[in-house]
Amino acid sequence: MIQEAYIETPLGVATISGDEDGITSVSVTRPSSDTPSIDIPLYLQDAVTQLNQYFKGQRTVFELKLNPSGTDFQKKVWEELLKIPFGKTATYLDMAKRLGDPKCIRAAASANGKNPLWIIVPCHRVIGSDGSLTGYAGGLWRKKWLLDHENPVKQQSLF
């Protein structure tokens, strides 16, 4: 039976769903003030711990059992997303080429947008060929925040 856990993040409350077969989804939709208080199921505790470590800057790679639902093509795209290193980006065209067909760019972008494992499968690391922050289901401001968070060179404010 799929169960849920909730954690506060700088980007809102994340909902982690899964069961003994693995994490099925991670999403952020609620404002931070709405965090439900529940016991964390045993098989979601690692995900909660690792996501908290990520947001504290203590984790760059997730080591979790994943079990997302999707088509074979979507799962292939999500596997490719896992290969984009922390602090790096790839373009949608790069993704299509890695999948073996530069013409599948739209299909790859669509599968990227359906990624159910926010942050863990790093769809936020895919950008437009011109370097723009194109499309992100969680909102472009979240994508920018995540890329800034992962950037090894932290920009300092002059004011």
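**Entry 1**

I looked up glutamate 80 and found it buried, with a relative accessible area of 11%. Here buried means under 20% relative accessible area, exposed over 50%, and partly exposed in between, for a 1.4 Å probe and protein chains only. The model is predicted, so local features need pLDDT of at least 70 and side-chain atom pairs count only at pLDDT 80 or more, while totals for chains, interfaces and linings use all residues. Residues are numbered from 1 along each chain as its sequence is written, and side-chain values use heavy atoms, with hydrogens and water left out.

I then asked which residue meets the side chain of glutamate 80 in a salt bridge. The partner is lysine 83, at 3.0 Å from N to O. A salt bridge is a side-chain nitrogen of Lys or Arg within 4 Å of a carboxyl oxygen of Asp or Glu. Lysine 83 is exposed, at 54% relative accessible area.

**Entry 1: The other salt bridges**

I searched the whole structure and noted 3 salt bridges. Side chains of opposite charge can pair when their charged atoms come close.

Glutamate 150 and arginine 125 form one of them, at 2.7 Å from N to O. Glutamate 150 lies in helix H5 (residues 140-150) and arginine 125 in the loop between H4 and strand E5 (126-127), so this pair ties together parts that are 25 residues apart in sequence. Helices (H or I, at least four residues) and strands (E, at least two) are DSSP runs, numbered from the N terminus. I recorded both glutamate 150 and arginine 125 as buried.

Aspartate 148 and lysine 144 form another salt bridge, at 2.8 Å from N to O. The two are 4 residues apart in helix H5, which means that about one helical turn separates them. An α-helix has 3.6 residues a turn, so residues three or four places apart point the same way. Aspartate 148 is partly exposed at 39% relative accessibility, and lysine 144 is partly exposed at 44%.

**Entry 2: The buried face of H4**

Which residues of H4 are buried? I found Ala108, Ala111 and Asn112. Seen down the axis of H4, these buried residues fall within an arc of 105 degrees, so they line one face of the helix. The arc is that of the directions from the helix axis to the C-beta atoms. Helix H2 (72-81), helix H3 (92-98) and E5 are among the elements that cover the buried residues of H4.

**Entry 3: The cavity**

I looked for cavities and noted 1 of 30 Å³ or more. On a 1 Å grid over the protein atoms alone, a cavity is a set of points where a 1.4 Å probe fits but cannot get out, and a pocket is an open set with protein on both sides within 12 Å along at least five of seven lines; lining residues have an atom within 4 Å of a point. Grid points are joined across faces, edges and corners, and a volume is the space filled by probe spheres set on the points.

The largest cavity holds about 30 Å³ of space. Its lining consists of Val77, Tyr92, Met95, Ala108, Ala109, Asn112 and Val126. H4 gives the largest share of this lining, 3 residues. By class, the lining has 6 nonpolar, 1 polar and no charged residues. Ala, Val, Leu, Ile, Met, Phe, Trp, Tyr, Cys and Pro count as nonpolar, Asp, Glu, Lys and Arg as charged, and the others, Gly among them, as polar.

I turned to the largest pocket, which contains about 290 Å³ of space. It is lined by 17 residues, and the closest to its centre are Gly113, Cys123, Tyr136, Ala137 and Gly138. Strand E3 (22-30) and helix H4 (105-113) are the elements that give two or more residues to this lining. The largest share, 4 residues, comes from E3. I noted 9 nonpolar, 7 polar and 1 charged residues in the lining of the largest pocket.

The second largest pocket has a volume of about 180 Å³. Of its 13 lining residues, Thr60, Val61, Phe62, Leu82 and Ile120 are the closest to the centre. This lining divides into 11 nonpolar, 1 polar and 1 charged.

**Entry 4: Aspartate 19**

Is aspartate 19 buried or exposed? At 11% relative accessibility, aspartate 19 counts as buried. Leaving out residues up to four places away in sequence, aspartate 19 touches Met1, Ile2 and Tyr43, where contact means heavy atoms within 4.5 Å. The C-alpha atoms of aspartate 19 and leucine 42 are 9.1 Å apart, and the two residues are 23 residues apart along the chain.
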